[in-house]
Every structure is written in C-alpha cells, then in structure tokens.
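Trainee: I'm new to this one, and I'd like a close look at a single part. Could you walk me through it?

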Amino acid sequence: MVERGRVQSPGTRWSWVEVNLAALRRNVSAFRRLIGRGTQMMCVVKADAYGHGAVPCVRAMHSAGADQFAVATVNEGVALREAGVEWPILILSEPPVDCVDTLVAHDLMPAVYTADFALALGEAAAAQNRVARYHLAIDTGMTRIGVRRQDVVELRRTIDFHRGLECAGTFTHFATADVLDDWDFALQLNRFREAVEALRGAGLDTGLVHCDNTPGTIMHPECHFDMCRVGIGLYGLHPADVTRPRIDLEPVMSVRGRVVRVLYPSVGDGVGYGLTYRVPKQNIQIATVPIGYADGLARELSNNMEVLVNGFRCRQVGNICMDQFMFAVDVNSARSYRPNRPVEYGDVVTLVGEDGDEHIDVEEMAARRNTINYEVVCDFGMRLEKIYT
Ligand SMILES: *Cc1c(COP(=O)(O)O)cnc(C)c1O
C-alpha cells in the first residue's frame with residue numbers, strides 16, 4: 001500500500017509523475033539483448049521522452065546500452081545539447097530551412113527529403129567549416145514524410161556534390177509494424193530494400209540503414225538492418241497485444257497526487273462545474289486532488305475513471321477541472337468502492353500505478369479515453385513535476 005509518510009512528493013504541489021529509472025534501464029537492456037551486438041540502438045525521446053523527462057531518461061538509457069537518440073523537433077534536440085548530451089541525435093523529420101545554422105551549431109542530424117533543405121544545410125555547414133550529417137528519409141507507403149521511393153537516387157545525385165553534407169543514415173517508417181503477417185508491411189519493407197539497393201547500385205553511401213520502430217524491432221528481427229529506433233517499449237508499454245508474449249517490459253511511469261481537501265457533503269449537493277454528480281446518500285466523502293486536464297488528465301474521463309487510495313478503488317466524480325478533480329468515497333458501502341477507512345487530508349491517490357494489490361495501468365486509462373497508451377503518457381508529461389526513483 002502507498003502509505004502517506006513513505007512517499008516523496010513535491011513541496012509546491014501535491015501531484016506528480018513518478019519515473020522509475022531502474023525499470024527504464026531494465027527495459028533498455030531487454031531491447032539491447034533482443035537487438036544483439038552488431039546493431040545499433042537509437043532510443044526515441046521525442047515529446048520529452050513520451051512525457052517521462054528527456055534528460056534523465058537519456059542518461060539512464062545510455063548507461064543501459066543506447067547508442068543514439070531521436071527527437072521530433074529542433075528545440076528538443078537543442079535542449080538535450082544544452083543539458084550536455086553529447087551522443088548522436090536525429091531529428092525525425094525535416095525542419096524549416098531557417099534553422100540550418102542551429103542544426104550545424106548543435107551538431108543535430110535532421111531527416112532530409114528535399115534538395116532545397118539539404119543544400120541550405122550544406123551551405124550552413126560549409127560556412128562554419130563543418131560537415132553536416134543527415135539521414136535520408138524515404139516514404140515507402142505511409143504517406144507522411146520522406147522522399148518518394150522513385151526519387152531517392154535523383155535526390156542524392158542532386159545534393160551529393162556538396163562538400164558540407166554527409167549521409168549518415170537512410171531510413172523509412174512503417175505504418176503497420178504492429179499487425180501480424182501484414183501485406184502492407186511486407187510491401188513497405190520490399191520498397192525500402194529496393195531503394196537501398198538502388199542507392200548502392202548508383203555508388204552512393206547509405207550510412208546506417210534503419211526502419212524498425214518498437215513493434216518492428218520486436219516482431220521483425222529480419223529487418224533490424226544497422227539500427228533499430230525504439231520508443232514506446234522503452235517506457236514499458238506495448239504498442240499492441242501481439243508484442244506482449246515476445247518481451248517482458250516494466251511500466252516506468254506512475255501518476256499520483258494527495259488529497260488536499262475532504263468533506264462529507266449533504267445529500268443532494270453537487271460536485272464540480274455543471275454539478276454533473278450529486279451526492280446520493282449520507283456518508284459519502286468527496287475528496288479533491290490537484291490534477292486536472294492541464295496536467296494531461298483528459299476531461300473526457302470525467303465521471304468515467306477510478307483512482308486508488310489506501311489500496312482500494314474509488315470513482316472519480318464531477319467534471320475534471322483544469323487543475324483539480326474530485327472523487328467519491330462510499331464509506332458505508334460493503335461493495336468494492338469501500339476503502340478500508342475514510343480518506344484523510346494528505347492521503348496518496350494513484351491515477352496510474354500500483355497501490356497495494358490494486359493497480360491501474362496506462363492501458364486502462366487509454367481504453368476509457370478511446371486512445372492509445374502513447375497519448376496518455378505524453379499528456380501527463382505536460383505540467384506535472386517529475387520525481388525520479
Ligand atoms: C516515434 C517514432 C519512432 C518510435 O516509435 P515507437 O512506436 O514508439 O517505437 C520511430 N521512428 C519514427 C520515425 C518515429 O516517428
């Protein structure tokens with residue numbers, strides 16, 4: 001059971017995300033073993049490491065065997081460099097051309113798929129007497145980013161003369177790596193293989209060849225090539241049910257708060273904006289926790305989620321506010337919502353994680369929100385203070 005006195009909580013606000021770095025390291029090691037020695041491991045830490053906090057996660061990942069890192073935006077890459085991260089960093093799409101100087105100055109490798117961007121990058125590098133490394137992104141069928149597979153060789157021929165450019169990698173991204181025996185996956189993989197062959201046939205250096213995300217890394221060892229790009233799995237979350245039997249992962253994130261106010265309202269009293277819940281009988285406690293939708297607790301969960309207190313499940317009631325929510329404790333009831341005792345000011349409330357024999361996982365919350373685990377953890381990264389254990 002999560003006891004009041006045992007838990008470290010921030011001094012300024014009674015709500016926090018707990019990040020278990022030991023579990024993160026064990027997940028990284030599990031992928032490291034799966035990938036094997038000859039292949040590099042690129043850990044994807046975009047969106048502040050899927051809400052877990054990029055800088056501490058990057059250090060933990062590197063200590064457990066990560067070779068390279070990937071982010072989504074230039075600012076995410078700059079923040080890692082400013083925090084002293086010196087390992088290779090890839091930006092997973094081609095940013096606006098205005099930031100080429102920033103990329104060169106911070107030694108960030110962008111994905112490249114247009115000649116204009118590539119040549120501007122080369123110019124910026126040459127002006128600083130450097131060589132800019134980039135990864136060529138190929139669209140093999142997801143229709144998101146990348147050069148069309150038919151145009152790969154032509155693009156390289158247009159930019160390769162530039163002495164300020166070096167192709168450090170060639171990659172694509174799968175739309176359906178999490179579907180078993182999928183025809184579209186096989187098609188994308190074939191197209192990628194052909195594009196890589198075409199580059200080699202034209203005498204062009206591909207750098208590191210890579211295509212696997214988490215589900216690809218787990219389900220398709222035949223296409224690990226030179227590097228795997230692993231994201232969600234590192235945080236202990238499965239991208240799909242098909243990957244569960246293949247690798248053991250431990251959840252890294254828990255989300256907790258403390259009761260900041262508790263009372264027994266009168267029967268008929270309403271709770272929260274719109275008074276969408278009314279206290280139906282005597283001896284119902286209503287407790288308040290300082291976590292709201294601006295902290296990533298989606299408002300659509302209002303009156304449709306549960307929390308753990310003192311090892312028991314309690315129903316969230318009323319509309320979730322921007323910074324707070326309320327839950328009900330049925331002190332009389334002999335049914336499952338009864339806690340072992342009424343809750344008190346300062347009691348620890350678990351939204352995601354374990355409390356005694358009970359637990360609420362990210363999947364439960366994702367299912368209630370009609371979304372995927374990725375979005376749930378990213379959202380909790382928005383504002384809550386993080387505590388690393
Ligand atoms: C986000 C992303 C990944 C990681 O995906 P996961 O499913 O989290 O492993 C890999 N490659 C690219 C291009 C991405 O955008």
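Trainee: Which are the buried residues of helix 7 (residues 152-159)?

Mentor: A quick word on the model: it's predicted, so local features need pLDDT of at least 70 and side-chain atom pairs count only at pLDDT 80 or more, while totals for chains, interfaces and linings use all residues. Residues are numbered from 1 along each chain as its sequence is written, and side-chain values use heavy atoms, with hydrogens and water left out.

Now to your helix. Its buried residues are Val152, Val153, Leu155, Arg156 and Ile159. Buried means under 20% relative accessible area, exposed means over 50%, and partly exposed is in between (1.4 Å probe, protein chains only). Helices here are DSSP runs of H or I with at least four residues, strands are E runs of at least two, and both are numbered from the N terminus.

Look down the axis of helix 7: the buried residues fall within an arc of 160°, so they line one face of the helix. That arc is taken from the directions from the helix axis to the C-beta atoms. As background, an α-helix has 3.6 residues a turn, so residues three or four places apart point the same way. Turn to the face away from the buried side, and you'll find the exposed residues Glu154 and Arg157.

What covers the buried residues? Helix 6 (115-127) and helix 8 (183-201) are among the elements that do, and so are strand 6 (132-139), strand 7 (147-148) and strand 8 (165-171). Contact here means heavy atoms within 4.5 Å.

Leu351 counts as buried because its relative accessibility is 0%.
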